[in-house]
Each structure stands twice: as structure tokens, then as C-alpha cells.
Amino acid sequence: MSSFSVRFLAPPCCPNSRSKTWLCATPTVAPAASEVVEASRLEPRVEERDGFWVLKEEYRGGISPQEKVKLEKDPMKLFMEGGIEDLAKMSLEEIESSKHTKDDIDVRLKWLGLFHRRKHHYGRFMMRLKLPNGVTTSAQTRYLASVIRKYGKDGCADVTTRQNWQIRGVVLPDVPEILQGLAEVGLTSLQSGMDNVRNPVGNPLAGIDPDEIVDTRPFNNLLSQFITANSRGNPAMSNLPRKWNVCVVGSHDLFEHPHINDLAYMPANNKEGRFGFNLLVGGFFSAKRCAEAIPLDAWVPADDVIPLCKAVLEAYRDLGFRGNRQKTRMMWLIDELGIEVFRSEVEKRMPGKQLERAKEDLVKKQWERRDYLGVHPQKQDGQSYVGIHIPVGRVQADEMDELARLADEYGTGELRLTVEQNIIIPNVENSKLDALLKEPLLKDKFAPEPSLLMKTLVACTGNQFCGQAIIETKARALKVTEEVERQVAVTRPVRMHWTGCPNTCGQVQVADIGFMGCMARDENGKATEGVDIFLGGRIGSDSHLAELYKKGVPCKDLVPVVVDILVKHFGAVQRNREERED
């Protein structure tokens, strides 16, 4: 096995099924032995040309439109060969007159983390950052605030369900300057969209958690640096068949949601007591199928986190299907080859051409997931972290500046983002806690102790900005929750997630109650915004994807339905009854 030293490096079921069959958490049924798969199927379908990986001629039949765009011009050239500077100088009229440059702004720029909001905010872009393990600094936060402030009402930022920032309102002429500013504060947006590896997720309490198994920050920093070649661009890892998610688990709480990642590193020791990771593979959500990750039956020492990631990505890049985009996530390849054949393909791409079998996980199976919101002691004597609630993850420029100030004044200039769209201020001296909690920002909008239903509320972008979303989500999620709270009281948090469309960026399948945007019919048969409701998603060691509960509920009729669900399934009590008993 290779020796890859780990060092801490600073960073530079599914939807709306009216006319289709949906697959949720489908068990993988796979060939049992390698001889079932013909040798020709295991021949790589891509090859390297002039430093970029391209699909071989013989495999170009029936490929998706996105693959054709990649063949015409590799998207990474916009960054690596200075194409973005030329594009930024063109008017939108010039860009629209050419299919080539129209594909640039609508498809290729996603490799730079830039998403054109053509449908609702023509000429404006969302920019997605890389933020390994969700760790950011006050300087980075202030810089992002300065970017969105100049765009007025079009500018804002979101904490995402992959523990990073997305900023909105960006216009193309500003992009070269923004990219330079990101580099100066140690950030990058490179390879954060389309057929690339998404932000590496880790324990938001890494390094400060009294109960942590391992500090996930060094591993996620290394993963991000490998994927992007230290923000210079890594074309060997940028032409995947589809997007790909990775996480490193560091706590018993499984804050990282390993079961929904394409690759999850699960801490485990071998018989000699050497620390390393067991591996889960294939977890994903899409419009037509959702599947939980399955064991690869493999263990790697901590030094081999990067070689293993590289081997898995190469197997996926080389062998993955590139036709129908709904069947190109890595689990479809695992299904086709079978887990043992897929494992052997990973193994032969490892430096030592071998993988050890899985060991015993260090994650405790019986563990009550902790609440990180509010004030909690750190492993460092005399210090605490403060988890603050960011309602559905949305922040404005002035609020980002205030968050940066609080991190500087009360902590060490650091902020941690979480997959539930909240923020943690770590390293607060206990003597400063009272003053921090009295800050207006925490007394008002960003409360450390929100209500039980608000504290776990998650919502995707919705159709305010996203052209794929069927319904508005963020404001509606807050409004519905507020109205429900006026009618019932709950005794424990109930995780409610909203997503605007079947692409399920809001991850409704892991929620106690999930709301997926759809078009519904009202009492008069008129088309109206609605949701499909999912119930029963679980996170943690007994993870389980939610199942469809009720279809096509008009949004205007949702409050009494949610009240009924909370009473029947989550022990909620009607407030009028509660008041009578008091």
C-alpha cells in the first residue's frame, strides 16, 4: 500500500410519480463473480489527450447532450486556459448569437461553480464555493459579503446541504475579478458543479468535539486539494459521468450523512490497532431513483484516503455510462458490474493493487444524535462552541459581516457551516459567552435556541432563483412552520425538509417529514403549486430513506395536513387542548 502522509493544510424515494415508476432505496442486485462481466466491458471508455480526458470515439453513440458539450470543448479550458477572461468581455447578445458560447454560460461555466439563472434571473449567476468540512474564516465571509452587496436585492448567500456557501446575483463581467478575490482569501469555486466532485463533508465539530472519533478536517482538506489540484484545476477528475459526493465521518452522530454519499469513509481500526476507514459507496438522490450507500467490504489506512478516492473516481470515470443522465450516477455502475467486480476495479487502480477487507466500525451503533445548536463545551478547557440557527440557510451581506465580526470578537475568526444550513462559532472563551448571547444578531434572527420545529428546518433554493424548482420553498417553509407552531406543540425536534423539485437538493428523503414540490389540483380542479409528502426518513446509525406518504397536496391546504401528521406520528399536542389542560 502507498504511504500518503496526512497533514493539516489550509484551504488556498422519490418524487412525483404520476406517470413514471420511481425507485427508492432499491437494494443492489449484482453479479456475484467477476466472470459474469465480459472483459470488454471493463475496458476504459475514456482516454487522455493533451492533458484532458475525453470519451473514446467508439463510445460516443447515444451519449447525452451534456457529454456532447464536453466533447466540443472541455469545460476546464475556460479556467485553465484563460477562456473565462475572454467570455467575460462579451456581451450577452454576442454570447446568445453563438451556440458555442451559449453552451459556455449554460453548461461549461458550471465547472467553475457558476450557474446561469436563465429562467428567473437572466444574465445573473449563482456561484458555488468549495469549503472542505464547512470551515470558513471571517476574512472569507467578509469577502463574500462584499461581492453580494454590490448586487443589491439580487445579491444574497445560502448555506447549503453540502456544508458550503452559494452566493447569488453574480454577473459575468465581474467573474475574473471575483475569482482573483477568492484566491486571495483562500477560496475557490472550481469544480463545484456538473460532472465533478462536490464539497467534501465532515464533522462540523471536528477538532473541538469531546466525543469525536477522528478530526475530519485534514482528510477533507486533502480531498479538496487533490480534486482541484490545489485550486489550479484537475482535468483528470473533472470529466466524470455525473456529479459525485464524498464525506469523511468523524463522530458517532453521523452528522456527515454517509448513507447518501457516493463515497463515505467510516472510521475503523484493523486487528493491529491501526486507524483507517471502512468504505461505503453508491449513495445518491436523483429525480428517478434514490439509493442508500452500500459497503464496499474494504478498509484502507488513513494514509490511503487519497489513493482510494482516486481509484474509485478513476473506476467511475473510466467505466461509467454516459447516456441517459438519470442512469449515470455511480450506483448504476455498481448495479451493472456487481459490488465485487466494482471492488476489483477499484483495487486494481490502487498503488499496491490490493484492498484489505472491511474491519469493525468505530462508530457506536447505539448513540443518540446530539444537538449542536446552543452552547456546548469543547474538548479544550475553558472554551465552548455556539451553534446558531440560520433560518433555511439564507443570509444577506450585512448579516455575513456581523457573523464575521462575532467570530473575530468572541472566537478565533472561524465559522463552521453544517449540512442542516446552520452555522457554528467555535473557540469561544467561556468568559465571553454571556456577551455573545446578548448580541442583537443572536437575540433576533439567528437564535442559538430556536423552536423545536424551526431548528431542523431545511429548504432548497426554490423557484425564487432556481429554474428547475416547481414551487417557492424558503419563505413558504418558514411560513408553514410558523402557522403549524401556532396550532400544535411538539416535545422533540421533527426534521422537516423542503425541496422545490424531484432533483431533491433539499434531501427530503432523509427528513422525518419531507415536502417535494409538484403541481397539484385544488378543490376546483385548477392547477396550483403543491407538494408530495414523504415520511419516515432517519439519519444516524439506523438510517432509512423516507417513503411517499401523500401525493399532490396543494400548498394552500398544507398546514392542517402537517398538523395532523405531527399529532398522529410525532406525538404533537393541539395548543388549544394544551391550554385547557393548563
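These are my notebook entries on a few spots I looked up in this predicted model.

**Ground rules**

I number residues from 1 along each chain as its sequence is written. As the model is predicted, local features need pLDDT of at least 70 and side-chain atom pairs count only at pLDDT 80 or more, while totals for chains, interfaces and linings use all residues; side-chain values use heavy atoms, with hydrogens and water left out.

**Entry: the annotated domain**

I started with the record. UniProt, in an unreviewed entry, places "domain: Nitrite/sulphite reductase 4Fe-4S" at residues 194–351 and 456–566. Its positions are in the numbering used here, feature names are shortened, and annotations may be inferred rather than shown by experiment. I then looked at each span. Residues 194–351 are 28% helix and 19% strand, with end C-alpha atoms 28 Å apart. Residues 456–566 are 21% helix and 31% strand, and their end C-alpha atoms lie 15 Å apart. Helices (H or I, at least four residues) and strands (E, at least two) are DSSP runs, numbered from the N terminus.

**Entry: helix α5**

Next I went to α5, residues 99–106. Which of its residues are buried? I noted Thr101, Asp103, Asp104 and Ile105. Buried means under 20% relative accessible area, exposed over 50%, and partly exposed in between (1.4 Å probe, protein chains only). Their cover includes α1 (65–72), α2 (77–80), α3 (83–88), α4 (92–96), β4 (114–116) and β5 (124–128).

At the start of α5, a side-chain oxygen of Ser98 comes to within 3.2 Å of the backbone nitrogen of His100.

Thr101 counts as buried because its relative accessible area is 10%. The Thr101 side chain reaches the backbone oxygen of Ile95 at 2.9 Å. Beyond neighbours within four places in sequence, Thr101 is in contact (heavy atoms within 4.5 Å) with Leu87, Met90, Glu94 and Ile95. I also checked Thr101 against Val510: they are 409 residues apart along the chain, and their C-alpha atoms are separated by 38 Å.

Asp158 sits in strand β7, residues 156–159. Is Asp158 buried or exposed? Its relative accessibility is 2%, so I logged Asp158 as buried. What does its side chain pair with? I found a polar contact with the side chain of Arg168, at 2.8 Å. A polar contact is a pair of N or O atoms within 3.5 Å; within protein, one must be able to donate a hydrogen and the other to accept it, and residues adjacent in sequence count only if both atoms are side-chain atoms. Leaving out residues up to four places away in sequence, Asp158 touches Asn164, Trp165, Gln166, Arg168, Gly393, Arg394, Thr461 and Lys474.

Glu414 is in strand β19, residues 414–417. With 16% relative accessibility, Glu414 counts as buried. Its side chain makes a polar contact with that of Arg416, at 2.5 Å.

Leu355 is in the loop between α11 (339–347) and β15 (360–361). I have Leu355 down as buried because its relative accessible area is 8%. Not counting residues up to four places away, Leu355 touches Ala298, Val300, Leu308, Arg343, Val346, Glu347 and Met350. Leu355 and Asn203 are 152 residues apart in sequence and 26 Å apart in space, C-alpha to C-alpha.

Lys353 is also in the loop between α11 and β15. At 55% relative accessibility, Lys353 counts as exposed. Its phi is positive, about 60 degrees, although Lys353 is not a glycine. Most residues other than glycine have a negative phi.

I noted a positive phi at Ser231 too, near 70 degrees. Ser231 lies in the loop between α8 (217–228) and β9 (246–248). Ser231 counts as buried, at 17% relative accessibility.

**Entry: the second largest pocket**

Last, I checked the second largest pocket, which holds about 690 Å³ of space. Of its 27 lining residues, Arg369, Pro493, Arg495, Asp512 and Ile539 lie nearest its centre. On a 1 Å grid over the protein atoms alone, a pocket is an open set of points where a 1.4 Å probe fits, with protein on both sides within 12 Å along at least five of seven lines; lining residues have an atom within 4 Å of a point. Grid points are joined across faces, edges and corners, and the volume is the space filled by probe spheres set on the points.

How does the lining divide? I get six nonpolar, eight polar and 13 charged residues. Here Ala, Val, Leu, Ile, Met, Phe, Trp, Tyr, Cys and Pro count as nonpolar, Asp, Glu, Lys and Arg as charged, and the others, Gly among them, as polar.
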